[in-house]
Amino acid sequence: MNAGSGEYLIEARNLVRMFGARRERVTAVDDVSFGIRQGEVVCLVGESGCGKTTTGKMITGLLKPTSGQVFYAGKSVWTPRGDKGEDFKTYRLGVQIIHQDPYASLNPSHTIYKILSTPLLHHKFVANTYEALDRVIELLNIVGLSPVEDFLYKYPHQLSGGQRQRVSVARALTVNPRVIVADEAVSMVDVSIRVGLLNMMADLKRNLGVTYLFITHDLAVAKFFAWEGRIAVMYVGSIVEFASTPQLINDPLHPYSKALLAAVPEADPELTRSKKRVELRSQDIPSLLALPSGCRFHPRCPYFEPGLCDVKRPELLPVGENRYVACHIAAREAGAPT
Ligand code: SF4
């Protein structure tokens, strides 16, 4: 199948990504499917190692899926033979990534002007260096780095972490992307400047119509950034729940989503006291080299049903409008066939 559904600007269909060889071969991403509409925010949330970054890299075209497909604007990014499709360049420019580490993702020997003008000139978004300077100034203003003369000819090491991450966002914007994959983009900056960065990125959505795949381990950040969007919760390589943000935050169905939510700290001590705790049976995340049978969450799940959960792997099933869960018990309670 080489056509996307047409509903989504970017779509992952049955993505699988394996690493290693022979006995050491692991499946980091296992049959992941989702779509993001133009102007929408979808968050991928989960613990470290759950496959969210690998999924983000496949969405960006930095990693080729072992199987499955990525569709951009309705067209398959990879041909059936696994080669780059005809429109690969348009796709690569249209989908940009912001990496987690603002200290490693910028070339330390280039000034901010050089970092931002290089893609502009290389991809011919501007005709000459005068136009490049105008556009760099415009981009620095868009990401809130003003007065721009304080930043233009500085090197990355002369900026704070938050300022560097704003430069990373400006660099992503140089090629007028339609989709930004933000991979833990605010997790390495101080909490005090995190909100400013998130608000700036939300402004880009409002003012430029940017579509986001926002990857984070922090459900509180996902809630803040994607209240009008959707959240996909990943566990050990697969999506276990996918719902609108209010649904997932106010009424999580999957036991793992409940546990993640219960772990989010609250500023109000009253809320902390009244919060329902989820006691996991184990704190250990399973190794990808020795995955549990049946439901991969069953060794940790407080709702584990022997003879079912450890035998049969739950599928991601629809449980209402635009809501999906991969849990035998939650699906049964929601009236979905299991
Ligand atoms: Fe827990 Fe069973 Fe649901 Fe897995 S399928 S999350 S073990 S209740």
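Two strands pair if DSSP finds at least two bridges between them, and helices (H or I, at least four residues) and strands (E, at least two) are DSSP runs numbered from the N terminus. You are looking at a predicted model, where local features need pLDDT of at least 70, side-chain atom pairs count only at pLDDT 80 or more, and totals for chains, interfaces and linings use all residues. Residues are numbered from 1 along each chain as its sequence is written, and side-chain values use heavy atoms, leaving out hydrogens and water.

**View 1. The four-stranded sheet is open and antiparallel.** Its strands follow the order S2-S1-S4-S5. Strand S2 (26–36) and strand S5 (75–76) are the edge strands, each pairing on one side only. Two antiparallel bridges link strand S4 (residues 67–72) to S5, and here Phe 71 has Ser 76 in S5 as its bridge partner.

**View 2. Asn 14 has a positive phi.** Look for this residue in strand S1 (residues 10–19). The phi of Asn 14 is near 50°, and the residue is not a glycine. For context, most residues other than glycine have a negative phi.

**View 3. Eight strands make up an open sheet with mixed pairing.** The order reads S6-S7-S8-S3-S9-S10-S12-S11. Strand S6 (95–98) and strand S11 (317–318) are at the edges with a single partner strand each, so one side of each has no neighbour in the sheet.

**View 4. Helix H1 (residues 52–60) packs on the eight-stranded sheet.** Helix H1 touches (heavy atoms within 4.5 Å) strand S3 (41–45), S6, strand S7 (179–183), strand S8 (211–216) and strand S9 (230–235). The direction of H1 makes about 155° with that of S8; angles run from 0 to 180 degrees between N-to-C directions, on lines fitted to C-alpha atoms, for helices over the stretch in contact. Helix H5 (residues 161–173) lies across S6 and S7 and runs at about 170° to S6.

**View 5. Ser 146 and Pro 147 are joined by a cis peptide bond.** Omega for this bond is about 0°. Pro 147 belongs to the loop between helix H4 (129–142) and H5.

View 6. Around the ligand (a heavy atom within 4 Å) are His 254, Pro 255, Cys 295, Phe 297, His 298, Cys 301, Tyr 303, Cys 309, Cys 327, His 328 and Ile 329. By class, the shell has eight nonpolar, three polar and no charged residues; Ala, Val, Leu, Ile, Met, Phe, Trp, Tyr, Cys and Pro count as nonpolar, Asp, Glu, Lys and Arg as charged, and the others, Gly among them, as polar.
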